[in-house]
Amino acid sequence: MNRRAFLRTLGATIVRAGVFLGLSRAGAVGAAIEGAAPEEKPRYGMAIDIDRCIGCARCMEACKTENNVPQEPFYFRTWVERYVIKTDESLTVQNVGMEKYQIAEPINEWDILRSFFVPKLCNQCDHPPCTQVCPVGATFSTEEGVILIDSTRCIGCGYCIQACPYGARYLRPDTKTADKCTFCYHRITKGLLPACVEVCPTQARVFGELNTSASPLTRFKRMEMIHVLKPHLNTEPKVFYANLDGLVR
Amino acid sequence: MKSSLPKFPEQIGRLAIVAVLLFAALSWIWLVLPPSLKERSLQREAATEREQAKDLKYAGATICGACHVPEYNTKKTGYHRSLSCETCHGPARAHTHNPAKVKPEIPQSRNFCPLCHAYDPSRPLGFPQINPVAHNPMKPCVTCHNPHDPKPPQTPQSCAACHQSIMRAKAVSPHALLECTTCHVAPEEHRVDPLSTQVSKPSSREFCGQCHSKDSKIPGPPKIDLASHHEKYLCWQCHYPHMPTVYR
Amino acid sequence: MTHNEMFELLKQVTGHIYPNEIEMRWSILIVLYPYLTGLVAGAFILASLVEVFNVKEVQPTYRLALLTALSFLLVAPLPLLCHLGRPERAYEVLLTPNLTSAMAMFGFVYAWYLMVVLLLEIWFGYRKDLIVWAKQEKFPMKWIHRVISLFSTDISEEAVRFDHKAVKFITAIGIPSAFLLHGYVGFIFGSVKANPWWSSVLMPIVFLFSAIVSGIAMVLLLYMVIIPMRKEHIDMNCVDRIASFLFYAVIVDFSLELLDFIHRLYESEESIKILSALIINKLFISLVVIQVLLGMLVPLAVLVVIQLFSVEEELRRLLYFVTAILIQVGIFSVRWNVVIGGQMFSKSFLGLTTYKMELLGVEGLATALGLLILPFIILAVLMKIFPPWGAPGQVQEA
């Protein structure tokens, strides 16, 4: 066999070996999916009925207790906003529980056209900008659709905090790493409810599985007109609001 | 292949040595590092497990009934049935592990119940609200209201108990002297179980016309010609009955 | 920031901000970083004018520009390290970078630019001189030069020609690399859809051209300061040529910023109200007065006058000097207005907050000033090791 033929055979063998290896790896993965299929994890979401929220802030307190969030009013995994639309069409928004720290003009009750409370938290987006921008991949989505932060790897650069359109993230002053609502992942994976849902006195917060026929969330999505915050940003949030006023940001 | 290759530049040779050394050092570092520093999936698995292992502070609503049977059953049928025990008593998981030594709070001061029940114009209509300063001053709430079955000692006679924002708006409006019952019929059960019964509302223009039509004999209220004044519409499609002043 | 300071800050909030927004995460150090890498990119572009575009007049500043770029590049990672919450974990960006994150590019782009572009170009550019000088020097400079030249000995014409070709080749690669080094920073901001002040297709381009402006102006400034310090004569041909390139760059930069402004006003999206309030209430001095008026319009006017009319040499030198300084201040305020301005309004579009810069502390003014001065110190050291004009020892005593 001359040199040219040898080289040709060698090259062909290498290509074939490569294709074989590649296919077998894919096949192995495929077999893993079909064969020993791991139990499919439920996907979770939260629903909030604005008409039920009384702005009592029990959820804010419970969350801080359950998740060891610093008590100072600069770090919140969940918070409640008060929206006041006056008859002159002006909008005033305040953060519940923070009124004593801020200088706000008092609201004359008889000028109010509409007023309501809006609980806010991490929307656990299905297309999250925060996981996209983390330089080290310290924040990630679990199979349940919950976004977690690996606080042993976070470098505290703050990019995720800038990228979140909802202001749901903050930097923990003690560990200097990013933190946010995790849907009380340590509770829901044990069959319990998130702390905020647990203590809400009017059941304004509803928690449950998506994509299941018999879940509080599915019922909510059937019976209510559903809104999400900032839909134009295409973050695909998994926190759904009913009776959300168009002025809510 | 021996041929007339140009002389290999000496500088490239030296740079190549440096490059090889650098590459070798970096490769060695990479190989020596443990997988936990390099494998993203391992790190995420570990992080997920760490998150799941975090300790719980709240026990959950159902577990209290295992020991506290009377309170739990009382609460099941009262107005507070949709509340968790921990809404008022705070985190209680430590208590479930050590019931004798660790006790949850029992809030009994007048500062606590108004967190939900103080009047606030942003609260939804129909939610029971009181003025914490004026409502039985100095008395702890639990004197009259059993927290596990908080029905008031007497059935509320005034609609303001739950509809305070409407009352307050009406009180400074031209309709201030009208009773709620002038326009609404509320069955007695509504005061006990509001969601079970509908309160009636007027359904025709003629109802408002009783006072406001030109033909009405009642002196005082402003009069309009019922037949021609925006005859396609019902009155309350423009005039908010609890604050019916017209202004620009 | 201490909690007491944050309580004070809460009182200065106007309107509504999300509660987590009270702490501004990106401080003056993050303003400094794009300023520094911008100078690197701009200085390199000036150097590339000589090697790739054969603009012979600016040859006197060629080596100075490279050394300037290196000085600023060496300092560039420091503000980032100081700002990280956990700087000891910074290596993770190199080990397990998240490929969807623009910020993760930093480690690799930086390493590439430092080693493959800048260090290599300086090495090839100086190699022959290092060998020649080392023959006549004493310890320690002799050994420093021998080590840096990797104990190379070949100074034949062929080898020197090879060096030249290498420099040309590296500069050609270096230009897009410089664009990448600074452009990715613009992309970091421009790709944040949550922030309408940042989110813009023009952001990387504006960053890049303001970088070119600041880099060229910096080399011009350094040349006009260092040459008199060495009691030598400023080459006015060189300086005039640099100024003309500066002029073109300023025109492009100004047009881009004007375009962004007009575009925003014309489209008038929802964020226009809060952004207008931001500019009028919080950024008026830093944006309208410093960035636009002093940093852009005045230099532009000066350069136009010099291009159109003949101005005598001494006045020209003074004008160039003042213009270069104004441009530095202006481009720094561009970075300030982007980074700090973008965090001074709430993502609820309903409120404004303030930036309280600490004086001391790892993210304070003192650190920022220190990091700003450090590159010049490094440049002084580099100029001793890699003298840009003539051999070491040829500097005339004062």
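This section describes the interface of chain B and chain C and the aromatic pairs of a predicted model.

At the interface, 15 residues of chain B are in contact with 20 residues of chain C. The area buried between the two chains is about 1400 Å², with carbon and sulfur atoms giving 62% of this value. One salt bridge is found across the interface; it joins B:Glu10 to C:Arg127, with the closest N and O atoms 3.7 Å apart. On the side of chain B that touches chain C, at least two residues are supplied by each of α1 (10-32), α2 (35-38) and α3 (40-52) of chain B. The largest share, eight residues, comes from α1(B). By residue class, this side of chain B comprises eight nonpolar, two polar and five charged residues.

Over all chains, 27 aromatic pairs are found in the whole structure. The pair formed by C:Trp26 and C:Trp198 is stacked, because the ring centres are 5.6 Å apart and the planes lie at 15 degrees. C:Trp26 is located in the loop between β1 (14-15) and α2 (28-51) of chain C, and C:Trp198 in the loop between α8 (157-190) and α9 (203-229) of chain C, so the pair ties together parts 172 residues apart in sequence. Both residues are buried, C:Trp26 at 2% relative accessibility and C:Trp198 with a relative accessible area of 0%. The rings of C:Trp123 and C:Phe124, with centres 5.3 Å apart and planes at 80 degrees, are therefore edge-to-face; C:Trp123 and C:Phe124 are also buried. Finally, ring pairs link A:Phe74, A:Tyr75, A:Tyr101, A:Tyr170 and C:Phe7 into a cluster.

How values were computed: Residues are numbered from 1 along each chain as its sequence is written. Chains are lettered from A and ligands numbered from 1 in the order in which they are written. This is a predicted model: local features need pLDDT of at least 70, side-chain atom pairs count only at pLDDT 80 or more; totals for chains, interfaces and linings use all residues. Side-chain values use heavy atoms; hydrogens and water are left out. Contact means heavy atoms within 4.5 Å. Buried area is the accessible area (1.4 Å probe) that two parts lose on being put together, summed over both. A salt bridge is a side-chain nitrogen of Lys or Arg within 4 Å of a carboxyl oxygen of Asp or Glu. Helices (H or I, at least four residues) and strands (E, at least two) are DSSP runs, numbered from the N terminus. Ala, Val, Leu, Ile, Met, Phe, Trp, Tyr, Cys and Pro count as nonpolar, Asp, Glu, Lys and Arg as charged, and the others, Gly among them, as polar. Rings of Phe, Tyr and Trp (its six-membered ring) pair if their centres lie within 6.5 Å; planes under 30 degrees apart count as stacked, over 60 as edge-to-face and the rest as tilted. Buried means under 20% relative accessible area, exposed over 50%, partly exposed in between (1.4 Å probe, protein chains only).
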